[in-house]
Amino acid sequence: MPTTHARRYATNAVMTTLTAACAFFAVAVLVLILGYIAYRGLGAISFQFLIETPKPVGEGGGIGNAILGTLILLAMACVVGMPFGIATGIYLAEYGAGRFASLVRFLTDTLTGIPSILVGVFVYTIIVLPMKQFSAMAGGVALAMIMIPIVARTTEEMIRLVPASLREGALALGAPQWRVTTGVVLPAAASGIVTGAMLAVARVSGETAPLLFTAFGSRFFNVYLDQPMASLTVQIYNYAISPYDEWHAQAWAATLILMTLILVINITVRFFTRGKI
Amino acid sequence: MPTLPTPTSAYGARVRAWDWRRALSPTGNTGDAVFRAALFGCALLVLLLVGAMIAAMASNARLSLREFGFGFLTSSEWNPVSGQFGALPFIYGTIVSSLLALVISVPISLGVAVFLVEQAPRRLSRPITFLVELLAAIPSVVYGLWGIFVLAPLLRQYVEPPLQKWLGWTPFFQGTITGIGLFTGGIILAIMITPIISAVVRDVLAAVPVTQREAALALGATRWETTRVVLANGGPGIAGAIILGLGRAIGETMAVTMVIGNRAQISASLFEPSYTIASVIANEFTEATEAIYLSALVELGLILFLVTFIINAAARLLVWSVTRGTSGTARA
């Protein structure tokens, strides 16, 4: 019947338009957010701002210590979290057939969905309470815990992409399994693993909640790991909820720095892995 | 040099009771055994971490568990001064803000995923996929900052007044319009979980065999009718994606804390300030000087952990059932 036909095609046209509108809407929100950050951030940023420590309202001040703190915390998280994450990934990919491995895989996936603030609570109870002090160390461990499951799963996927023929070739030459993994499989998967690791760094660099009661924050330049340490995200949070316009402007400028770091990592990764992931 | 297995252990000419190398690795090579044991240890650590998290939180919540018992979940009094702690307002705020986020986000996420997998040409779907993924890369605190200074004023001026005018007779849209409250919290959550839900739905749709689409098209179905077949096939996976989004919304902390108003109350109106479990932990943890106060906050954390753990576990199983099941049938 022609009417049914017309109705079906009208529905088709409407639904196609609607789904396209959804996609357009999501992209528009992204552009709005990034655009506004650039607009407010560029207006408030200066060289002084990047190297000074925070000052009371009306005296300017900057986020130099927060930038340094974020870098130190990230470095610490990488040192602690990467080896465990990558090793777990290798285990899951190379020995991951059994029931134990399935359980680990399931738990890593589930762990990525656990609210990051609970990692903060956990680290508070095991490190901050016994030490009776907020510390950069606790912050680094908290970030590492968030990193491990992400790195483990990307590493596993990257290693699984290495063709079996490479392993078989090496085994046929008489290499023991561990030499095959470290000497042949890992180099072949290296770029993918680095990519996954970079994405994990990008993800962790934006974490605030787990740092609130571990690294806590600081108004000074600090390099001691047993002392509280400032970070960009906690600084943004504290300034954002303050009542002062000057601090709001500084929050936007700090956000611009943080988003630049995150976007650069994401876009670089995308550029180097076009078509691979 | 690889060490070859000695004839004794390989053929059992002389019976060895127990060889640690063989116990650790089937090849019996020393390097293999050590390597495998080390990797196993790291994987075990993930297991232990989950166990340690539960144990540490449970032991620190002991005081509150003993003091308030089951009443903790049903009492709505949260008074650090008098030492009375009840979780109901936080549970209410968490559930309502998350459900609101789902109601807004699910149709949009499905639309995005369907557009990217089923409709958009490849040269369009690639960049849009990347851009939607970037939404997920924006940190929570940045969403919060944007929420306070852009979204909240926008809603206060242009969205909430008309809503109150038309729907003010329902209990949900009454009260003073401030731009800060459950409504704003729900919307910011919706924006944050949209890329997560749509990414998983995209994977699920991509896992539905192409033969399903060909069959529908061959029967004369329109594109949209074909899409409905595909959506029905991916049903459990889509349900999993939505539950995964719910898990994220429930645990989301910073952005919600910054726009929801942080007042422990239960009100039907979405314009009223509220409080979520994650927010109260973020706000009050460093202020909790008394043991019972801290313990009550840790108990909230324990509840949040168990709920999100179960939600995520269920979601993963649902998603796996589709992405694995279809690849299985495709092979068969």
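Trainee: Is Ala136(A) buried or exposed?

Mentor: Buried, because Ala136(A) has 26 C-beta neighbours inside 10 Å. The cut-offs: 20 or more other C-beta atoms within 10 Å is buried, 12 or fewer is exposed, and in between is partly exposed, with C-beta atoms placed from the backbone. Bear in mind that this is a predicted model, where local features need pLDDT of at least 70, side-chain atom pairs count only at pLDDT 80 or more, and totals for chains, interfaces and linings use all residues. Residues are numbered from 1 along each chain as its sequence is written, while chains are lettered from A and ligands numbered from 1 in the order in which they are written.

Trainee: Which helix does Ala136(A) lie in?

Mentor: H6 of chain A, residues 136–160. Helices are DSSP runs (H or I, at least four residues), numbered from the N terminus.

Trainee: And what is Ala136(A) in contact with?

Mentor: Leaving aside neighbours within four places in sequence, the partners are Ile72(A), Leu73(A), Ala215(A), Leu225(A), Gln227(A) and Met229(A). Contact needs C-beta atoms, placed from the backbone, within 7 Å. Ile72(A) is 64 residues away from Ala136(A) in sequence, yet their C-alpha atoms are 8.4 Å apart.

Trainee: Switching to H3(A). Where is its kink?

Mentor: At Gly81(A), shortly before Pro83(A), and it is about 40°. The bend is the angle between axes fitted to the seven residues ending there and the seven starting there.

Trainee: How many of the H3(A) residues are buried?

Mentor: 23 of the 31, so H3(A) is largely enclosed by the rest of the structure.

Trainee: What domains is chain B divided into?

Mentor: Domain 1 is 7–60 and domain 2 is 67–331. Those bounds come from an automatic or database domain assignment. Their centres, taken over C-alpha atoms, are 40 Å apart.

Trainee: How many residues of each are in contact?

Mentor: Five from domain 1 of chain B and five from domain 2 of chain B. The domain 1 side has four nonpolar, one polar and no charged residues.

Conventions
Helices (H or I, at least four residues) and strands (E, at least two) are DSSP runs, numbered from the N terminus. Two residues are in contact if their C-beta atoms, placed from the backbone, lie within 7 Å. Ala, Val, Leu, Ile, Met, Phe, Trp, Tyr, Cys and Pro count as nonpolar, Asp, Glu, Lys and Arg as charged, and the others, Gly among them, as polar.
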